[in-house]
Structure formats: structure tokens, C-alpha cells
Amino acid sequence: MDREQAVARLETLVDRVERETMPVPVREVWAFGDVALGLDPVERLDVYLTKDVIMGGDSEAAADFESEYGVKGVGTSVRAEWAEAHPDRVRASDNGYAAPEKCLAAELVADEEPIHLEVCNASFEDNVRQRLKGALARDAYEEVLDPRGVCLWVDGTRDEEAFDRLREASLAMPTLPAALGMLGADEDVAREAADVLKRQRAEQEGASVRGDMV
């Protein structure tokens, strides 16, 4: 998609998060990757969502939904009112429990769209550091999260300037190895991690999603 289309798609996504009931409460929306780097066209749109946990829960709704659809955790992992309104969008993890990240992807992104969602309970900046720390400890560079992001929406407040700067491609971003180096990665490791992420990204097609807990 071209840059204007990519930014418009981000606006639509933020509109929905802001106005509609999501599977789980969403606290932050960030954009990273190609669109933050000023590329045109944008081959894949990378979006980061910070989610909140559901407080209290609804055990009765959970039991009813599991009985009818065979999915556990509705009312605790994801909102019961959302699941009851959109049972076709409920997605489960391998253990049979409703998966918040998969439900958010089903709600917000069409299968064929070149959009990648990262979903975590931690803020983008905190998760960037946690993921890098873990990746360096295990030489698992595919787990690195590109730190070059821009916050579009947080706690109900939209950053219109951020959208304008994305349209203008006016955000100054370092190379990925340089960005990882600023966070403490050695030069050789940062280059290798960047190469791994580049290869991994080239293999992605259509919509994709990853969920994390920190």
C-alpha cells in the first residue's frame, strides 16, 4: 500500500479502538517498521497494541460460552459482551482458551491485509527492552522487536501530530542495527539481529499476530 493508504489505515484502526468495544481493553496504539521509517510504498504495516487485563471477570459467561462454543476464558481472557456479540471472531490458543491477541487480530484486521499486530500487556518501549534482553540472552534474534516506533493513541488521546509526521515521512529514524545498539546490543549482534528480522519479515504474508506477556 502507498504511504497515504497506510496512514489512513492506521487512522481507521485507531478510530475503531477508540469508539468500539474491543475483545480486551486497549491502552496504547503504536506504529513501527516501514511506515515509521518513511518508506513508500509500505510493504507491511506494523502495529503495536498495549492491552489491559480484564478486572473481575464473568465466570457465568465463561461457562455459558464454553458450553456452546467449546472455548474457555470468555469473560476473563476476553470481554464477554464482545464475544457474545461476535462469536465468529473468537479465537483460541492451543490450550482452548480465548487468546486476546488472536481475537484483536480477528476484530481489527482482514486475513489478506499485509498487517502485523504485536499485542502485549506492557508498553511498547518496555517490551522493546524486555524482548531485546531475552533475545540476547538466548541468541534468539527473531524475538527482537523493532524499537523504531511512534505512539499514535494512548489512554483515549490521539496524537494528530504523529499522524501528520507519518504522512510527511518526517520522522528521523536510525538504522535498525544503530537503534539496537542504542539499547545496548553489541555492533555485530545488532547487525545479525537486523538480518534475522529482515529475513523473517520477507517470509510473512497477509495478516499476522504475536502476543506477549511481560
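Analyst: The questions below concern the pockets of this predicted model.

User: What is the volume of the largest pocket?
Analyst: Rolling a probe the size of a water molecule over the atoms shows where empty space is left. For the largest pocket, the computed volume is about 620 Å³.

User: Which residues are the closest to the centre of the largest pocket?
Analyst: The lining of the largest pocket consists of 26 residues. Of these, the closest to the centre are Asp46, Asp146, Leu197, Lys198 and Arg201.

User: Which element gives the largest share of the lining of the largest pocket?
Analyst: The elements that give two or more residues to this lining are α2 (34–37), β3 (115–120), α8 (176–182) and α9 (187–202). The largest share, seven residues, comes from α9.

User: Which element gives the most to the lining of the second largest pocket?
Analyst: About 160 Å³ of space lies in the second largest pocket. Its lining includes Arg91, Lys102, Ala105 and Val209. Two or more residues come from each of α5 (100–108) and β6 (208–212). With three residues, the element that gives the most is α5.

User: How many nonpolar residues line the second largest pocket?
Analyst: By class, the lining of the second largest pocket has one polar residue and three charged residues. The number of nonpolar residues is five.

Definitions and conventions:
Residues are numbered from 1 along each chain as its sequence is written. This is a predicted model: local features need pLDDT of at least 70, side-chain atom pairs count only at pLDDT 80 or more; totals for chains, interfaces and linings use all residues. Side-chain values use heavy atoms; hydrogens and water are left out. On a 1 Å grid over the protein atoms alone, a cavity is a set of points where a 1.4 Å probe fits but cannot get out, and a pocket is an open set with protein on both sides within 12 Å along at least five of seven lines; lining residues have an atom within 4 Å of a point. Grid points are joined across faces, edges and corners, and a volume is the space filled by probe spheres set on the points. Helices (H or I, at least four residues) and strands (E, at least two) are DSSP runs, numbered from the N terminus. Ala, Val, Leu, Ile, Met, Phe, Trp, Tyr, Cys and Pro count as nonpolar, Asp, Glu, Lys and Arg as charged, and the others, Gly among them, as polar.
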